[in-house]
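Here is a short briefing for a first look. Keep the structure open while reading.

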Amino acid sequence: MNVLIIEDEKALAEELEIFLTNYNYICEICFNGTTASERIGVNLYDFILIDLGLPDYDGLDLLKEAKKHNPEAVCIILTARAEVYDRIKGLDLGADDYLPKPFSLLELHSRMQAITRRKFGLKQNLIDLGGFLINLTDRTITYYNAEVNSITKKEFDLIAYLILHKNRTLSRSQLSEHIWGSIINDDYDSNYIDAHIKNIRKKLNVFASPDWLETVRGLGYKIKISS
Amino acid sequence: MKLKTKLTLFNALSKLVIVTIFVMLLPALIKNINQNYTDNKLRKQKDKLLRIINIQGIKNYSDASYYTPLKEDYVSIGVDSSTEVLDTIKNEKRLIQGDTIEYRILSHNFNAESKKYLMEIAISVDAITETTRPLQNIAFQVLLGMILLTIMADQFYSTYVLRPLGLIIKTKLIGHKFPNFGSYDKVKTSTSDFEYLDISIYKMIETIESTFQKEREFISNASHELMTPISILQSKIENMFEQEDIADELKTRLLEMQKILNRLKSITKTLLLISQIENEQFLKEDSIPLAELIQEVYDEISIRLQDKNISFETTIPADWQLVKVNKFLLFNLFFNLINNAIKYNKEDGEINVVGLYQNDIFSVSINDTGIGIGAEQLPFIFNRFKKFRQSLTQDSFGLGLPIVKSIAEFHEMKIEVTSEKDTGSSFKIIFPAGLVNLDS
């Protein structure tokens with residue numbers, strides 16, 4: 001899939017490119033609004049990531065142009081201006097999502113996936129993990145037709161996030177940012193991920209041992225899926 | 001007590017004291033005046049009589065007494081046998097036709113036709129003093145009237161002259177949430193002191209306001225500007241962490257960096273949030289049942305309760321509906337309060353969230369059985385970056401309660417904190433009128 005990254009902070013744009021390329025996206029970078037505007041007019045993209053704080057261009061104008069020339073593209077606004085006002089304005093103009101800086105790259109990927117699923121109505125997203133059938137669309141887990149209904153929303157969020165970034169170790173910080181990120185909180189080291197993982201394992205163990213949910217010592221957790 | 005009341009009271013009291021003193025002195029004064037007047041009159045009569053005797057000769061008058069039928073005054077002339085020279089005015093009693101009457105008597109002896117005579121001119125004391133009482137009454141009434149008049153005049157004038165002060169207090173001081181002062185309306189006054197006061201208050205508030213504004217702008221700009229570099233750093237660390245060829249030992253260190261970066265991120269985000277709240281950049285358009293909001297907080301936080309085996313109980317009427325609020329902010333308010341209740345609690349402790357409705361006021365209390373807050377620290381707990389309570393298991397940066405305070409103020413809610421060391425704390429959120437509706 002083609003991604004246009006419009007970001008004037010070169011270092012950040014490069015990191016975005018590295019990360020997304022790693023996830024098999026084809027990336028193009030624009031460091032300013034003028035070139036971005038030209039590219040949008042000429043090429044077709046699946047994703048357009050727009051930084052609102054461009055020095056030469058109003059990001060919202062770019063968004064309008066993108067909607068005009070690339071109506072199929074998913075537009076995600078990236079900004080350090082986290083004002084509510086911008087948020088509403090951005091969404092009204094047809095941005096598909098909005099990520100306030102600083103954001104986790106994993107979070108960006110997860111949002112891109114979520115929008116793709118929503119927008120293109122992908123076929124049932126079923127993952128088989130050692131007998132557990134995880135349905136990312138319906139958010140259910142079944143074990144040979146028996147539903148594992150003791151799993152809470154938060155716990156499912158964790159599993160889905162790990163599946164989305166399968167075979168990669170996710171740190172506790174990355175996981176807790178995903179499930180508690182929007183909460184403004186006084187703790188800087190609150191890590192209840194271990195407790196959540198413990199609960200998940202306990203609940204799944206009733207059916208079978210979830211060996212696929214691995215603890216990577218000292219680093220975090222990962223879900224192993226052999227393709 | 002208000003200045004005007006004080007002034008009026010003082011005026012009235014001081015006048016009353018003066019009048020009382022005057023009225024008390026009045027009998028003595030009148031007596032004195034009367035006596036002088038009478039004495040003068042007696043002397044004039046004496047002179048007149050002497051002149052008459054001189055012209056007409058003593059014969060016609062020797063050994064004679066004249067008095068009016070009512071015996072209010074009399075004149076007598078008789079031969080004087082004593083040798084002493086008399087010329088006195090005294091109060092004495094005389095027996096006249098069987099009545100003993102007190103007179104003011106002028107006694108004067110004189111020689112006429114080689115004989116010595118004694119002349120007495122007298123006016124009865126009753127006649128003299130009979131005017132005293134009416135005079136006293138009149139004086140008292142006139143004074144009273146005058147005093148009432150001056151009190152009224154004082155009252156009127158002090159009301160007039162103090163009106164600008166009242167206006168300054170009413171429009172500049174009462175009901176103004178510092179530092180939101182708004183525009184400056186000059187208070188009309190011809191009193192230069194008030195003019196000075198008015199302009200001074202305005203200037204002071206203006207200074208405070210601009211300082212506040214600068215601080216807010218600074219925090220807002222600084223936290224915004226910090227977001228981009230933090231974002232770059234975070235992305236770099238995340239990308240490095242994903243690289244397969246990096247040794248686990250290095251990854252552990254990357255994680256430490258990530259943790260520290262998270263801390264920086266949290267602080268910056270929190271400061272930005274506070275500045276956004278203070279700049280009123282949030283909308284208040286949500287409605288949500290309070291019980292539901294607390295339930296949402298519970299869902300997020302239950303894992304932390306579990307970790308310390310803390311029991312959590314809520315008693316909130318299901319029909320309490322919060323209206324015209326910002327749900328995101330209120331969620332964060334309750335999250336932080338309940339998070340604190342957990343953080344500073346003991347193992348196997350308790351947390352109660354109780355909704356109260358008393359005297360038309362809705363409130364909700366979050367009570368814990370934790371380590372409590374010392375009385376000496378209580379006034380400072382809402383200050384930024386103050387860390388008084390050493391939490392038992394976690395680190396924090398002292399912005400939890402400042403967020404709570406900002407959000408509460410944004411919604412015009414009040415917070416009352418009561419706490420006892422080693423026993424627990426209670427944070428009571430008092431909702432303003434109209435924020436809670438009963439959903440029927």
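**First strands of chain A**

In β2(A), A:Val3 finds its bridge partner in A:Cys27. The model is predicted.

**The β1–β2 pair**

- Strand β1 of chain A covers residues 2-6, and strand β2 of chain A covers residues 26-30.
- The two strands run parallel and are joined by 5 bridges.
- Between β1(A) and β2(A), the chain passes through helix α1 of chain A, residues 10-22.
- This β-α-β crossover is right-handed.

**Helix α6 of chain A**

- Helix α6 of chain A has 12 residues, 153-164.
- Why should the helix span 16 Å? The expected span is 1.5 Å times one less than the number of residues, so the 12 residues of α6(A) should span 16 Å.
- The end C-alpha atoms of α6(A) are 16 Å apart, which agrees with that span.
- Which residues of α6(A) are buried? They are A:Glu155, A:Leu158, A:Ile159, A:Ala160, A:Tyr161, A:Leu162 and A:Leu164.
- These buried residues pack against helices α5 (105-120), α7 (172-180) and α8 (193-205) of chain A.
- They also pack against strands β7 (132-135), β10 (170-171) and β12 (220-223) of chain A.

**Domains of chain A**

- Chain A is divided into domain 1 (2-120) and domain 2 (126-223).
- The C-alpha centres of domain 1 and domain 2 of chain A are separated by 28 Å.
- In chain A, 6 residues of domain 1 are in contact with 8 residues of domain 2.
- On the domain 1 side of that contact in chain A, 1 residue is nonpolar, 3 are polar and 2 are charged.

**Domains of chain B**

- Chain B is divided into domain 1 (3-132), domain 2 (192-278) and domain 3 (286-438).
- In chain B, the C-alpha centres of domain 1 and domain 2 lie 100 Å apart.

**Where the chains touch**

- How many residues of chain B are in contact with chain A? There are 47, and they are in contact with 37 residues of chain A.
- On the side of chain B that touches chain A, at least two residues each come from α4 (192-242), α5 (248-278), α6 (290-308), α7 (327-343) and α8 (400-410) of chain B.
- The largest share of this side, 15 residues, comes from α5(B).
- The residues on this side of chain B divide into 14 nonpolar, 20 polar and 13 charged.

How values were computed. Residues are numbered from 1 along each chain as its sequence is written. Chains are lettered from A and ligands numbered from 1 in the order in which they are written. This is a predicted model: local features need pLDDT of at least 70, side-chain atom pairs count only at pLDDT 80 or more; totals for chains, interfaces and linings use all residues. Helices (H or I, at least four residues) and strands (E, at least two) are DSSP runs, numbered from the N terminus. A residue is buried if 20 or more other C-beta atoms lie within 10 Å of its own, exposed if 12 or fewer, and partly exposed in between; C-beta atoms are placed from the backbone. Two residues are in contact if their C-beta atoms, placed from the backbone, lie within 7 Å. Domain bounds come from an automatic or database domain assignment. Two strands pair if DSSP finds at least two bridges between them. A crossover is right-handed if, with the strands pointing away from the viewer, the path from the first strand over the helix to the second runs clockwise. Ala, Val, Leu, Ile, Met, Phe, Trp, Tyr, Cys and Pro count as nonpolar, Asp, Glu, Lys and Arg as charged, and the others, Gly among them, as polar.
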